[in-house]
Amino acid sequence: MKVKKLILMPITLIAIFLSMLPSMVVTAEHELSADELFASSTRNIKYYNVGLYYDSTCTTSATTLRSEYNNATTAFRAIFDMDLTLSANNVLLSSVLNGGNCSLGNNNACNTSCGALANCNTTHHKGASRLNALLTSSNFYIMRVVGHALCWWGDEYGGTPTHRTTIVGLGQVVGRNSIVSTNSTNLRRIMQHEISHNFGARHITCAGSSIVKCIIAGDINSWCSACSNNIWANR
Ligand SMILES: [Zn+2]
Ligand SMILES: [Zn+2]
Ligand SMILES: [Zn+2]
Ligand SMILES: [Zn+2]
């Protein structure tokens with residue numbers, strides 16, 4: 001009697017389990033709707049005209065600059081449905097970005113000998129804002145790459161502007177223009193950071209931290225929700 005009970009118990013349990021199985025399978029399964037099935041073809045990919053200018057002090061080859069740009073923008077396609085593919089035809093040399101007659105050498109940003117610090121954005125040879133105002137286009141997003149140091153009069157957190165001499169890039173916040181220096185250790189990351197600024201990502205609202213990854217906080221291929229929302233709003 002005792003033996004019979006012991007055998008019957010597991011059999012009963014298995015039977016109950018098996019009877020539940022079909023309904024479990026049905027509820028676990030997810031029927032794809034037509035919208036989901038065709039999601040990839042109905043995504044609203046936006047295509048952009050993009051161009052890259054590099055200056056005569058830049059020692060990185062045009063081929064490498066193009067691949068760094070295209071690698072930097074791959075994640076925009078995957079995450080934000082934005083196509084920012086750069087063609088070889090749109091990578092051009094322009095010596096107007098070379099810092100002109102700055103006597104301080106390529107590795108040094110401008111100082112008061114180049115003009116008042118507060119006038120950096122309009123008069124300094126290596127002023128990133130001044131250089132971003134050159135070679136603009138009404139329908140192209142322009143990336144500038146220089147082989148020299150950059151400087152900027154401003155504050156990315158909206159505070160009191162100062163003369164910044166250690167920046168490696170500058171992107172207009174909602175704009176078509178950005179500049180990066182090959183003095184940066186990770187060109188791809190700086191490009192992705194500045195392009196994010198072009199589409200509205202801001203330091204002042206970025207939620208990036210040691211826990212939340214974001215390109216504006218120094219990561220790569222990731223955006224915090226605040227920066228992500230800004231990009232979706234401005235793409
Ligand atoms: Zn100078
Ligand atoms: Zn300056
Ligand atoms: Zn962010
Ligand atoms: Zn920034």
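Strand β2 (residues 50-54) and strand β5 (residues 141-146) pair in the parallel sense over 5 bridges; two strands pair if DSSP finds at least two bridges between them. Helices (H or I, at least four residues) and strands (E, at least two) are DSSP runs, numbered from the N terminus. The model is predicted: local features need pLDDT of at least 70, side-chain atom pairs count only at pLDDT 80 or more, and totals for chains, interfaces and linings use all residues. Residues are numbered from 1 along each chain as its sequence is written, while chains are lettered from A and ligands numbered from 1 in the order in which they are written.

- Strand β2 is mostly covered, as 4 of its 5 residues are buried. A residue is buried if 20 or more other C-beta atoms lie within 10 Å of its own, exposed if 12 or fewer, and partly exposed in between, with C-beta atoms placed from the backbone.
- In a regular strand the side chains alternate between the two faces of the sheet.

**Tyr 47**

- Tyr 47 belongs to strand β1 (residues 46-47).
- Tyr 47 is exposed because its count of other C-beta atoms within 10 Å is 9.
- Arg 77 lies 30 residues from Tyr 47 along the chain, and the C-alpha atoms of the two are separated by 9.5 Å.

**Helix α8**

- In helix α8 (residues 225-234), the buried residues are Cys 227, Asn 230 and Ile 231. They lie on the same side of α8 because they cover an arc of only 100° around the axis (the arc of the directions from the helix axis to the C-beta atoms).
- The exposed residues Ser 225 and Ala 233 are carried on the face of α8 turned away from its buried side.
- Among the elements that cover the buried residues of α8 are α4 (62-80) and α7 (187-198).

- Asp 81 is not a glycine, yet it has a positive phi of about 55°.
- Asp 81 is placed in the loop between α4 and β3 (82-83), and it is partly exposed, with 13 other C-beta atoms within 10 Å.
- Val 174, also a residue other than glycine, has a positive phi near 60°.
- The loop between β8 (169-171) and β9 (177-181) contains Val 174, which is partly exposed, with 14 other C-beta atoms within 10 Å.

Methods: Contact = placed C-beta atoms within 7 Å.
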